[in-house]
Amino acid sequence: MDSKKLFQAATFAAQKHTGQFRKGSAHVPYINHPLQVADLLAHKGEAENTNLLIAALLHDVIEDTQTQPDEIEQMFGKEVLDIVLEVSDDKNLPKEIRKQKQIEKAAHLSPSAQKLKIADKICNLKDIIEVAPNWPLWRKLDYYTWAENVVGQMKGKHPVLEGLFYERLAQGREVLLTRKKRSPWFKGWGNLWG
């Protein structure tokens with residue numbers, strides 16, 4: 001592992017995400033997310049895959065900041081840029097089309113991009129429970145279903161990450177559905193959310 005390059009990427013990502021926060025009232029600095037994704041990958045067998053860890057740190061900078069692809073290529077190389085581009089959404093498209101494209105593209109991503117995509121979804125599932133974005137319950141459950149559809153396209157390719165994803169998915173749904181049962185807003189709605 002090239003720790004110098006890794007710290008350079010963490011610093012670059014922190015600078016690019018300055019002033020950004022995760023969704024929710026806790027005002028969690030956005031940089032926590034790419035750090036968590038990289039940390040998860042490092043702990044799930046990718047500790048020596050420097051380019052993947054750097055791509056994890058940078059995976060949202062093109063999508064969510066003014067970062068240009070050539071900046072990434074010049075500093076971190078073409079392989080890192082290619083992984084970042086594979087997992088970046090085109091923000092010029094409407095949200096529903098972007099979500100559908102993620103499902104359609106998932107099976108065709110490179111192995112590194114697939115690992116990054118699954119790790120990103122694992123961290124997002126966790127944050128929906130722990131950081132609690134200001135979303136209604138139906139939207140949180142909808143995210144869970146959509147994430148399951150994305151990861152389902154990569155079934156059987158990355159067993160360790162997939163296993164963790166499905167574990168988090170089940171745990172998160174249980175927490176959300178328990179909250180649903182306690183909410184007076186849902187009384188009388190029956191099995192609307194399954």
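**View 1. E148, a partly exposed residue, in a salt bridge with R173.** E148 has a relative accessible area of 27%, which puts it in the partly exposed class. (Here, buried means under 20% relative accessible area, exposed means over 50%, and partly exposed is anything in between, using a 1.4 Å probe and protein chains only.) What you're looking at is a predicted model, where local features need pLDDT of at least 70, side-chain atom pairs count only at pLDDT 80 or more, and totals for chains, interfaces and linings use all residues. Residues are numbered from 1 along each chain as its sequence is written, and side-chain values use heavy atoms, with hydrogens and water left out. Now for the partner: the closest N and O atoms of E148 and R173 are 2.8 Å apart. E148 sits in helix 9 and R173 in helix 10 (residues 159-182), so the bridge ties together parts of the chain that are 25 residues apart in sequence. (Helices are DSSP runs of H or I with at least four residues, strands are runs of E with at least two, and both are numbered from the N terminus.) R173 is partly exposed too, at 23%. A salt bridge means a side-chain nitrogen of Lys or Arg within 4 Å of a carboxyl oxygen of Asp or Glu.

**View 2. E71 and K16, another salt bridge.** The structure holds 8 salt bridges. In the one shown here, the closest N and O atoms of E71 and K16 are 2.9 Å apart. This pair links distant parts of the chain: E71 belongs to helix 5 (residues 69-76) and K16 to helix 1, 55 residues apart. E71 counts as partly exposed at 25% relative accessibility, and K16 gets that label at 26%.

View 3. Side chains of opposite charge can pair when their charged atoms come close. Here the side chains of K126 and E130 meet in a salt bridge, 3.0 Å from N to O. K126 is partly exposed at 28% relative accessibility, while E130 is exposed at 54%.

**View 4. K117, a buried lysine with no salt bridge.** K117 is part of helix 8 (residues 111-130). How far away is the nearest side chain of opposite charge? That side chain is D89, and the distance is 4.8 Å. (Lys and Arg count as positive, Asp and Glu as negative; His and the chain ends aren't counted.) Setting aside neighbours within four places in sequence, K117 is in contact with V87, Q102, L109, V150 and M154. Contact means heavy atoms within 4.5 Å.

**View 5. D120, also found in helix 8.** Is D120 buried or exposed? Its relative accessible area is 11%, so D120 is buried. Apart from neighbours within four places in sequence, D120 is in contact with H33, V37 and H59. D120 and R22 are 98 residues apart in sequence, and their C-alpha atoms are 14 Å apart in space.

**View 6. The largest pocket, with about 820 Å³ of space.** Of its 32 lining residues, the closest to the centre are K23, E63, N124, W135 and Y143. (On a 1 Å grid over the protein atoms alone, a pocket is an open set of points where a 1.4 Å probe fits, with protein on both sides within 12 Å along at least five of seven lines; lining residues have an atom within 4 Å of a point. Points are joined across faces, edges and corners, and the volume is the space filled by probe spheres set on them.) Helix 4 (61-64), helix 7 (95-106), helix 8 and helix 9 (137-152) each supply at least two lining residues. Helix 8 gives the largest share, 7 residues. By class, the lining has 11 nonpolar, 4 polar and 17 charged residues. (Ala, Val, Leu, Ile, Met, Phe, Trp, Tyr, Cys and Pro count as nonpolar, Asp, Glu, Lys and Arg as charged, and the others, Gly among them, as polar.)

**View 7. The second largest pocket, with about 180 Å³ of space.** Its lining includes M1, F7, L35, D39 and L57. Helix 1 (3-16), helix 2 (32-46) and helix 3 (50-58) each supply at least two of the lining residues. The lining divides into 9 nonpolar, 1 polar and 1 charged.

**View 8. H27, in the loop between helix 1 and helix 2.** H27 isn't a glycine, yet it has a positive phi of about 55°. This residue is exposed, with a relative accessible area of 52%.
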